[in-house]
Amino acid sequence: MTRLLETTGLSKTFDGLEAVRRVDFRLETGEIRAIIGPNGAGKTTLVSMISGRISPTSGRVLFKGKDVTGLRAWDRVALGIVYTFQVTSIFKNLTVFENVALAAQRRLMTGALSRLTLPQRTLAEHVQAALAQVGLPDAGDRHAGSLPYGHQKLLEVAMALALKPELLILDEPTQGLAPEEIAALSRLIRALSRGVTMLLIEHNMAVVLELATKVTVMDKGDILAEGTPSEVEAHPDVQKVYLGL
Amino acid sequence: MRRPGARAVWALHLAVILLLLGLQVVVPPFHQIMLARIMVLAVYAIGYNVLLGYAGLMSLGHAMLFASGMYATGLTILYFGVGAGAAFGLGVLASAVMATALGLVTLRASRVSFLIVTMMFSQAFYLATLYFNEITMGDQGFIISGQLAPLRAGGREFAFSDPAVKYNLALVVFALCLMLSVWLTRSPIGRVLVGVRENEERTRLLGYNPLSYKLLALIASGTIAGASGSLYTLMFSYVGSSFASILYSIYPLLWTLLGGTGTTLGPLLGTALMTYVVDIASGLTSSYLLLVGATLLILIMWFPAGVMGGIRTRWARWLP
C-alpha cells in the first residue's frame, strides 16, 4: 500500500477554541477509513482542512507526497480530493443532469477551448455513467429538488464520482436515511472503494463495523485511537469516551 | 441527446433576428427609429443580463461601463477624428478595461454590498465626467456628426444619419450579441455561472474558483454594455453626462427584470415593452410616469419572473 494522504501537526483554532490539535493522520491508498467520535470532536474540521474548505491554523497536508496546504479547495478537487457535504448540498433548482454535468465537465475542461464548448455526447456519457453507478440512471430530467431525500444523497455521490476522485470524503453519508437505504449506500461505498480511497465520518456504528478497513477515533480535537474495527471497539478509552461505558 | 431543444433554440433566435430584419420594410419611419433604438439598448440589457441572470450579481454601476463605451468612441472622434470602426473598437476596449478594474475591486463584496459599491464607482465616474467638463462638455455634452465620416463598404457610402443605416447597424450588433449570449449560456462557462448563482459553496467544492468566473461574467457583461454605448453614440451622434448617471444603471435592471432575468430573449422584450409603454403613455398624458409605473406593476403581478420567465415556466421549459 502507498501513502495517499498525510497530515502533520494539523491544528485549527476557532476564537481561541482548539477544534483540532496537532493531528498526525495517515491514509493509505485503497482504504475505507471511518472517523468516529462524539459531537465536537473535530471530525468535520479535520476533513474540511483536508478538502481545503477551511485553512489550518498550523500544520501541513500532504497528498501523494505533495504539500497541498496552500492550495484552495477548487485546486484540490483537480488533484482528486473530493468532499461531499454533511447536509446535502445540491443545486435544487436545476435538473439532475445539470447537477452532475457541472461536476463532470470539470474533468473535461482541460484547455481554453474546452471552457467555451464541449461535445454534448461525451459530457452526456460521463453524466450517465455517474448516475448509473449510484443507481439513478433514469433521473436525469427530474428537478434535483423534487427527488426524495435518499436520492438527493445518491445524487451528491454521483456528482462526486463524476469528478473522478482519488480520495472521496463522505461526511455522514447515512444520516437521515432509512435502514434499507443505508444498506444500499453501504453496498455502493464498498463497490466504489475498489477504485477510490474512502474517508468517511460516520455515527452509525453498524455501518462503520461493516465497511471500514480501519477506524480513527477522535475526541476533543485529538486522535484517541486507531486500528481495525474490532481493535477499536475493544479499546478501553474508546468505550469510555465514545460508547459511554 | 439530453437537450432535444438545441436546434429549436437556435432556430427561435434566428427567427427573431429575421423578423427584425423584415420589420424595417413594413413599419413606418418613426417606428423604424424606435426599433433601432430598442435594439441598441437591448444590447445593453443583454450585457446586463449576463451578470444578473446568469452569475446572479445585481449591479447598479453599469452606467459607467455603458458610458465608457460612449465616451471612448465620442471623444476619439471629436478630438482625433478617428474612423467609426476604430472608434467603436476603442469604445469596446475601454469598457472591457473598466469592467476588469471594477470587477477586481468590487467582486470582494456580494449581494447588497456589491450593489452599493458598484453604484459608488459609477457615481464617481459620473461626477468625473462633470468635473472634466473642459474635455467632456459635462451635462451639455457634444455632438459628433460633423466629425464622423460615413462608413464605406463595397464602393458605397453609408451615412449614419440614414435611418436604414442606423437600423441595420443596430440589428447586426444586436444579432451578434444575442447569439453570443445564447452560446455563452449553453457553454461550460455558462453552466459554472449558473452553479455560482444557485450555490456558490457547492460550486467551489466541485473544483471551480467562483471569483474568477464572476470576474469573467462582469467583463463579458461590461464589454457588451460598452458596445451598446459606443454604437448608440455612432447612431445618435450625441454624448453627454446624463448617460453616466444612475438612471442609466437602473434602466438595464428594469428592462432585464421586466423581460425576464436569465432568459436570452427577455432583455429585448423588456426593452421594447418599456420603450413603447413610455412612448404611448407620454402621448396620452403629461404625468406619463404614473401610467408607466402602473403598467410595470401589472406586468410584474402577472409575470413575477419577467415576461419570458413566465412564458418559460408556463409553456416552454426548453427556453434558454
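Figure 1. Chain B has a mean pLDDT of 87, and 98% of its residues reach 70 or more; pLDDT is the predictor's confidence in each residue, from 0 to 100. Within chain B, the mean is lowest in strand S2 (residues 151-153), at 74, and highest in H10(B), at 94. Chain A likewise averages a pLDDT of 87, with 98% of the residues scoring at least 70. The model scores ipTM 0.85 and pTM 0.86. Because the model is predicted, local features need pLDDT of at least 70 and side-chain atom pairs count only at pLDDT 80 or more, while totals for chains, interfaces and linings use all residues. Residues are numbered from 1 along each chain as its sequence is written, with chains lettered from A and ligands numbered from 1 in the order in which they are written.

**Figure 2. The contact between chain A and chain B.** Chain A contributes 29 residues and chain B 19 residues; two residues are in contact if their C-beta atoms, placed from the backbone, lie within 7 Å. On the side of chain A that touches chain B, the elements giving two or more residues are helix H2 (73-79), helix H3 (96-108), helix H4 (112-116) and helix H5 (120-133) of chain A. Helices (H or I, at least four residues) and strands (E, at least two) are DSSP runs, numbered from the N terminus. H3(A) supplies the largest share of this side, 7 residues. By class, the side of chain A that touches chain B holds 17 nonpolar, 7 polar and 5 charged residues. Here Ala, Val, Leu, Ile, Met, Phe, Trp, Tyr, Cys and Pro count as nonpolar, Asp, Glu, Lys and Arg as charged, and the others, Gly among them, as polar.

**Figure 3. Packing of H7(B) against H10(B).** Helix H7 (residues 163-186) and helix H10 (residues 210-236) of chain B pack at an angle of about 175°, with their axes 10 Å apart. H7(B) is therefore roughly antiparallel to H10(B). Axes are lines fitted to C-alpha atoms, for helices over the stretch in contact, and angles run from 0 to 180 degrees between N-to-C directions; angles under 35 degrees count as roughly parallel, over 145 as roughly antiparallel, 65 to 115 as roughly perpendicular and the rest as oblique. From H7(B), B:Lys166, B:Leu169, B:Ala170, B:Val173, B:Cys177 and B:Leu184 meet B:Ala220, B:Ile224, B:Ala227, B:Leu231 and B:Met235 of H10(B). This contact has 10 nonpolar, no polar and 1 charged residues.

Figure 4. At 1.5 Å a residue, the 19 residues of H3(B) (residues 62-80) should span 27 Å, and the end C-alpha atoms are 27 Å apart, which agrees; the expected span is 1.5 Å times one less than the number of residues. H3(B) is mostly covered, with 17 of its 19 residues buried. A residue is buried if 20 or more other C-beta atoms lie within 10 Å of its own, exposed if 12 or fewer, and partly exposed in between, with C-beta atoms placed from the backbone. B:Gly81 follows H3(B) and has a positive phi, near 60°.

**Figure 5. Surroundings of B:Tyr126.** B:Tyr126 lies in helix H5 (residues 111-131) of chain B. With 21 other C-beta atoms within 10 Å, B:Tyr126 is buried. Leaving aside neighbours within four places in sequence, B:Tyr126 is in contact with B:Ala63, B:Ser241, B:Ala244 and B:Ser245. B:Tyr126 and B:Ala63 are 63 residues apart in sequence, yet their C-alpha atoms are 8.4 Å apart in space.

**Figure 6. Two loop residues with positive phi.** A:Lys164, although not a glycine, has a positive phi of about 50°. A:Lys164 lies in the loop between helix H6 (149-162) and strand S7 (167-171) of chain A, and counts as partly exposed, with 17 C-beta neighbours inside 10 Å. B:Ser237, also not a glycine, has a positive phi of about 65°. B:Ser237 is found in the loop between H10 and strand S4 (238-239) of chain B, and is partly exposed, with 18 other C-beta atoms within 10 Å.
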